[in-house]
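Subject: Structure handover and notes on its aromatic contacts

Dear colleague,

I am passing on the structure below, together with my notes on it. Please read them with the model open.

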Amino acid sequence: MLYFLDGLNPDEADKSALHTSCPDGQEWQALLDQFIPHAGEEELLELETSIAGDPVTYCQHELNKPVHELAELEKQFTSVIIPELPVDSGTYVRHLSEDVLNHVVPVSSPTFVGHMTSALPKHLPALGKILTALNQNLVKLETSHVLTALERQVLGMMHKLVYNRDDDFYQQWLHNGNHALATFCSGGTLANLTAMWACRNQLMPANGDFAGLAREGLARGLIHYGYNGLAILVSELGHYSLKKTVDVLGLGQDALVKVATDRNGRICIDALLTQLQNLRQRNIKPMAIVGIAGSTETGSIDPLNVLADIAEQEQCHFHVDAAWGGASLLSERYRHLFDGIERADTVTIDAHKQMYVPMGAGVVLFRQPTLTDAIAQHANYIVRKDSKDLGRHTLEGSRSAMSLMLHSNFHLLGRRGFAHLIDASIEKARQFADLIRQQEDFELISEPQLCLLTYRYVPSMVLQALREGPESAKQKLHDMLNALNQNIQAMQWTAGKTFVSRTSINPAQWNRQPTTVLRVVLANPLTTPEILEDMLEEQRQLALQSPFWQTLQDLVS
């Protein structure tokens with residue numbers, strides 16, 4: 001007999017599995033029982049209660065113990081044989097508890113401040129269970145019905161948040177079956193791709209003997225309109241999803257034109273204008289200018305009004321990637337940072353960041369709902385013309401009802417509640433930046449504009465040598481500092497008490513040399529200043545244990 005779980009005791013499996021000698025009727029009834037609620041699910045219900053009831057506390061058990069090496073964990077997952085017969089549910093639940101969920105990353109913990117994930121509002125686990133049980137599919141009215149109307153309402157709320165059009169506008173477009181104010185997708189990557197897909201198709205519509213790019217393809221479109229190519233311009237901090245976008249849309253990797261940034265991580269306007277001039281000289285059409293409203297690495301926000309002006313002058317599409325920062329529009333205190341976003345043709349926002357819904361929920365918004373005509377698709381069996389099927393305007397087909405998660409947060413937290421959360425996260429980032437400045441052995445690299453910031457560990461004597469020492473030694477010190485900070489971050493992850501992420505950026509204050517930095521995202525409302533102080537102290541102690549520490553000492557001595 002073949003067994004499902006690596007390491008499962010054969011005697012236990014024989015007791016728990018259905019034997020091939022069972023009559024067909026009994027085996028079929030046992031299979032049907034998997035689809036019918038009944039007694040005997042105590043172990044799974046107990047596990048569900050312990051996790052979904054309080055995921056923050058559940059994650060606490062993962063802290064203060066070393067993280068298992070991935071190679072060690074992989075040994076538990078080597079069998080590729082699908083089990084011939086069912087395993088007893090109690091046996092399987094024990095496997096989940098001891099071999100899987102006991103090793104998950106504690107993203108809900110207030111000490112886990114390296115990425116976008118956070119503790120979630122307490123109502124969402126129960127709502128998630130409801131959505132799983134109902135299993136609605138938002139691609140088609142026949143499999144979603146009322147949830148289609150609810151999703152359109154949520155998309156209208158998001159559109160109003162960004163564009164703030166009058167009531168007559170939403171009365172006309174909110175439930176218009178032929179167009180969409182926005183579309184839900186799994187995250188910012190598909191949202192950016194959808195925006196650029198619509199942009200590309202609209203750029204080369206049907207004209208004369210050309211049936212349009214969507215019909216005849218990019219090559220024929222370029223020939224017909226007389227361009228040598230298309231380009232998307234974005235700052236050097238643009239999200240890597242745009243690299244995927246130009247690839248998928250057939251533009252080629254060179255079509256993504258990266259523009260230099262200033263010391264605050266914002267796109268340099270002079271550099272942008274120079275790049276546009278270069279494109280004109282090569283007869284390459286600027287398809288879109290992308291403004292960043294909260295860069296992934298530092299949270300920086302481009303001058304959106306200026307970019308909107310330039311896009312109008314160039315007669316090209318203006319897209320704002322606000323996957324990170326878009327939620328901050330809910331804050332009256334910080335909304336002004338995004339002035340000009342309402343002029344964007346399309347906007348990306350991720351709800352699974354600071355709108356506190358589970359992974360993954362992204363939104364792409366269209367200033368003019370008719371833009372969705374450029375990407376509308378139909379099929380007789382599922383997304384028919386003149387229907388209100390949401391799948392007519394989405395890159396993805398089948399989708400879950402994640403819009404209900406955001407709908408619940410809008411109503412159970414309220415706009416003011418969101419504003420308090422966002423304001424507190426930005427203030428916490430500023431307080432942490434102040435704390436870093438007070439340390440003799442840490443350096444703040446990027447000032448927080450939102451709830452993100454970057455810094456690094458650097459002993460004062462090393463910092464002084466970098467500023468005042470001989471040029472011949474500076475590069476070695478810089479490289480060794482990069483290695484040290486990489487090592488600190490890796491050791492901290494392995495220790496399992498606290499977590500920050502790391503990245504490499506090119507800060508202006510260090511002559512744009514690639515610099516390894518520690519990165520924090522302070523979106524979790526349960527993270528306290530005391531936790532951040534302890535985290536710095538842990539990093540300090542880990543630095544002293546690093547093999548690169550002594551090498552640095554030797555270089556400056």
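Predicted model: local features only at pLDDT ≥ 70, side-chain atom pairs only at ≥ 80, totals over all residues.

**Rings, charges and surface**

Arg-165 lies over the face of Phe-169, at 4.1 Å from the ring centre, where a charge is taken to sit over a ring if NZ of Lys or CZ of Arg is within 6 Å of the ring centre and within 35 degrees of the ring normal.

Residues are numbered from 1 along each chain as its sequence is written, and side-chain values use heavy atoms, with hydrogens and water left out.

Rings of Phe, Tyr and Trp (its six-membered ring) pair if their centres lie within 6.5 Å, and planes under 30 degrees apart count as stacked, over 60 as edge-to-face and the rest as tilted. By this rule there are eleven aromatic pairs. Phe-169 and Trp-173 have ring centres 6.5 Å apart and planes at 50°, so this pair is tilted. Both residues belong to helix α9 (residues 167-173), four residues apart, or about one turn of the helix; helices (H or I, at least four residues) and strands (E, at least two) are DSSP runs, numbered from the N terminus. Phe-169 counts as buried because its relative accessibility is 5%, and Trp-173 counts as buried at 13%, given that buried means under 20% relative accessible area, exposed over 50% and partly exposed in between (1.4 Å probe, protein chains only).

Phe-442 and Tyr-457 form an edge-to-face pair, 5.2 Å centre to centre with 80° between the planes. This pair links distant parts of the chain, with Phe-442 in strand β8 (residues 442-446) and Tyr-457 in strand β9 (residues 452-457), 15 residues apart.

As for the overall layout, the domain assignment, whose bounds come from an automatic or database source, gives domain 1 (31-106), domain 2 (136-399) and domain 3 (415-555). The C-alpha centres of domain 1 and domain 3 lie 35 Å apart.

Finally, Leu-32 is found in helix α2 (residues 24-33) and is partly exposed, with a relative accessible area of 30%.
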